[in-house]
Amino acid sequence: LQFLYFIGLVHQMGCASSQSGSSAGEGKWDRPKVLNSDKRTNAVIFILHGLGDTPGGIAPWALELQNQLPSTVKIIIPAAPRRLVTLTQARQTAWFNIKGTSINSSEDKAGIDRAVDYVHSLANIEVKKGGIDPSRIYFVGFSQGGALALRAGLLYRGCGSIVVCSGYLPGAQSLKCKYPKKKVLFCHGNQDTLVPFTIGRLSADIVEGVLEDDGVTFKKYNCGHTIQRAMTTDIVRFLRAGLGDGTRRTSLSTTG
């Protein structure tokens, strides 16, 4: 597990030129981008962007997903705050801090917990004010966003399914899943040099050990640290299996 965390830090360092994060010097949480659904919304998907990215950066892919999902699905794209990353001493968008690449480097547990709590608070708003059943809340993420989607989803009381694209499991040593009846899809490129394929596979193995009923699916792709079309196809199929069939939307709009 220490090795998993070490490689996770290496991944984050590799992304640091365009992405990053920290708890110290954390900026504000900006308003999420919402991809409109119709008035019959009965499910919500949270899509979490990677280090250094923004909701606007991942929105085109989110729109591509939404166009292939039932029209009753709302997609929400939260924004990671800008913060000072310890490793690079640069202010960049990140869900939590990167403290170092040594195996002895401490993990930003407070930052991870804060990000998880924030995502959970957004989900709870949809449950309490929107009337969404907790089992109809989904978490999807790429890179560091995939790491957050995984941990947030595993710790959420409901959660229909979780999708991790080129991500890993943060806080592996402290993982305690109180709600083991979940479905998780891992999508990982076998040429990924930022989050090595073996780390994605190891993360999936750890999660498989805490879930019930064969809850983990792991898919390998011939690509690097990216989301390719084959991944998108598999993700849509996975989400639709949980969401159920519905009318595909023919027009899209965004607010945020």
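**Parallel strands around E6 and E7**

Strand E6 (residues 137–142) pairs with E7 in the parallel sense over 4 bridges. Here strands (DSSP E runs of at least two residues) and helices (H or I runs of at least four) are numbered from the N terminus, and two strands pair if DSSP finds at least two bridges between them. The model is predicted: local features need pLDDT of at least 70 and side-chain atom pairs count only at pLDDT 80 or more, whereas totals for chains, interfaces and linings use all residues. Residues are numbered from 1 along each chain as its sequence is written, and side-chain values use heavy atoms, with hydrogens and water left out.

E6 pairs in the parallel sense with strand E2 (residues 43–48) over 5 bridges, and Leu48 stands opposite Gly141. E7, in turn, is joined to strand E8 (residues 183–189) by 5 bridges, again running parallel; in this pairing Val163 stands opposite Leu185.

In E6, 6 of 6 residues are buried. Ile137, Phe139 and Gly141 form one covered face, with Tyr138, Val140 and Phe142 on the other. In E7 (residues 161–165), 5 of 5 residues are buried; Ser161, Val163 and Cys165 lie on one side, Ile162 and Val164 on the other, and both faces are covered.

Ser143, in the loop between E6 and H4, has phi near 60 degrees, a positive value in a residue other than glycine. Ser143 counts as buried because its relative accessibility is 0%. Ser166 lies in the loop between E7 and E8, and its phi, near 50 degrees, is likewise positive in a residue other than glycine. Ser166 counts as buried because its relative accessibility is also 0%.

H4 also takes part in the largest pocket: helix H3 (109–128) and H4 each supply at least two residues of its lining. On a 1 Å grid over the protein atoms alone, a pocket is an open set of points where a 1.4 Å probe fits, with protein on both sides within 12 Å along at least five of seven lines, and lining residues have an atom within 4 Å of a point. The volume is about 190 Å³, taken as the space filled by probe spheres set on the points, which are joined across faces, edges and corners. The lining consists of Asp113, Val116, Asp117, His120, Arg151, Leu155, Ser174, Lys176, Lys178 and Tyr179. H3 provides the largest share, 4 residues. By class, the lining has 3 nonpolar, 2 polar and 5 charged residues, where Ala, Val, Leu, Ile, Met, Phe, Trp, Tyr, Cys and Pro count as nonpolar, Asp, Glu, Lys and Arg as charged, and the others, Gly among them, as polar.

For the protein overall, there are 6 helices and 10 strands, and buried residues make up 55% of the 256 residues.

Methods
Buried < 20%, exposed > 50% of the residue type's maximum accessible area, 1.4 Å probe, protein only.
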